[in-house]
Amino acid sequence: MTSNRLEVTFLGKTIKNPIVAASGCYGYGLEQPELLPPEAFGAITLKGLSATPKRGNPPPRIAETPCGMLNSIGLENVGIEAFAKNTWPHLRGLGVPIIANFFGDDETEFQKAAQMLSDLEGLFAMELNLSCPNKPQWGRILASDPKVASRLVRLIKPLCRYPLIVKLSPNVASISEVAKACEDSGADALSLINTLLGMAIDVDAKSSRLGTRFGGLSGPSIYPIALRMVSEVSRAVRIPIVGMGGVSSPEDAIGMMLAGASLVGVGTLLLVNPFGVEEIKQGMLAYLDRHGLEKVACLQGRL
Ligand SMILES: Cc1cc2nc3c(=O)[nH]c(=O)nc-3n(C[C@H](O)[C@H](O)[C@H](O)COP(=O)(O)O)c2cc1C
């Protein structure tokens, strides 16, 4: 059972609870309604979309690691046109705020994707993914150079009909510098963190356990890093933050909010324990009772 004690305000909208499905870990929101209904979330972020379909990386694309996993999906997706035709009509009616995550292999593709998503009726927000694995060199510069990130946000923002959330990569020297550059360039909110670049080796085969050399690390092992980055960024900017990275328990979600997140993203948890979302919400309510607090919104801090 939940109540409006979990309500939060984000980008001018009342969201019924602060838990958001992180991009790539809940598909397009329609794949597992019996196990984890879309209505469980305060909002859903869709798997990354691009203007044209992408094939993604060669398999294997997932490797388990201690307290987490590596993935190298490579942003496979059907493309925005097919999504708009086949999936969006079913998603729209759910009544859950939908955030469309998008990317491009270059500036033109980013612009095209922003325009195509803006043509959809009824999105809540658009999330620009600054980590771009298909063009590794440009992708790395884009994610980590405040000037390059700023240029892209300035190009994209005027094309967006919906609020623009910029998703930051942790694979950078100073995440707060990139965050500040994005805020100054017009981002309405930030989300962080994306996966950390990692590697796993099959020592018998003497090769990477992924089809690519490196992959993105997610899950509980990255939580302390995510928490530190959310805390750091929350002191550097004024715009709201969606905090994510390894959140797996009510305590983790509460910690994210105390560190400065307005909403809390859950990704890898959904692949391990789909009931975890309900457990987090119940745990948050119990915490409010224990601490004599009326609403979860009271937790939002900048620790
Ligand atoms: C299988 C998988 C696919 C992902 N796909 C995307 C994606 O398409 N776009 C994106 O911005 N982030 C993507 N992510 C990153 C997650 O949204 C999230 O930022 C990251 O996994 C950290 O959160 P977690 O530890 O709760 O999973 C993906 C993560 C995983 C594990």
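The model is predicted, so a few ground rules come first: local features need pLDDT of at least 70, side-chain atom pairs count only at pLDDT 80 or more, and totals for chains, interfaces and linings use all residues. Residues are numbered from 1 along each chain as its sequence is written, and side-chain values use heavy atoms, with hydrogens and water left out.

Eight strands close into it with parallel pairing, in the order β3-β4-β7-β8-β9-β10-β15-β16. Strands here are DSSP runs of E with at least two residues, helices are runs of H or I with at least four, and both are numbered from the N terminus. Two strands pair if DSSP finds at least two bridges between them. In general, strands of a sheet pair through backbone hydrogen bonds, either parallel or antiparallel. In this sheet, neighbouring strands are turned against each other by 25° on average, direction ignored. For such angles, axes are lines fitted to C-alpha atoms, for helices over the stretch in contact, and values run from 0 to 180 degrees between N-to-C directions.

Strand β3 (residues 19-21) and strand β16 (residues 263-266) run parallel and are joined by three bridges. Within this pair, I19 stands opposite V264 in β16. Helix α7 (residues 223-236) packs on the sheet and touches β10 (189-192) and β15 (241-244), where contact means heavy atoms within 4.5 Å. The direction of α7 makes about 165° with that of β15. Helix α10 (residues 276-290) also packs on the sheet, touching β3 and β16, and its direction makes about 165° with that of β3.

Buried means under 20% relative accessible area, exposed over 50%, and partly exposed in between, using a 1.4 Å probe and protein chains only.

Charged side chains come next. The structure holds twelve salt bridges, each a side-chain nitrogen of Lys or Arg within 4 Å of a carboxyl oxygen of Asp or Glu. One of them joins D105 and K54 at 3.2 Å, N to O. D105 sits in the loop between β7 and α3, and K54 in the loop between β4 (43-45) and β5 (62-65), so the pair ties together parts that are 51 residues apart in sequence. Both D105 and K54 are buried, and K54, D105 and E109 are linked in a network of salt bridges.

Another salt bridge brings together the side chains of E76 and R61 at 2.5 Å, N to O. E76 lies in the loop between β6 (68-71) and α1 (80-86), whereas R61 lies in the loop between β4 and β5, so this pair ties together parts that are 15 residues apart in sequence. E76 is partly exposed, at 37% relative accessible area, and R61 counts as partly exposed at 21%. In helix α6, the side chains of E183 and K180 meet in a salt bridge of 3.7 Å, N to O. These two residues are three apart, a separation of about one helical turn. E183 counts as buried at 16% relative accessibility, while K180 is partly exposed at 34%.

Most residues other than glycine have a negative phi, and most peptide bonds are trans. The bond from P59 to P60 is cis, with omega near -10°, and P60 is placed in the loop between β4 and β5. A cis peptide bond also joins L192 and I193, with omega about 10°; I193 lies in the loop between β10 and β11 (196-198).

Positive phi values are found at two leucines. L11, in the loop between β1 (8-10) and β2 (13-15), has a phi of about 50° and is partly exposed, with a relative accessible area of 25%. L75, in the loop between β6 and α1, has a phi of about 60° and is buried, with a relative accessible area of 11%.
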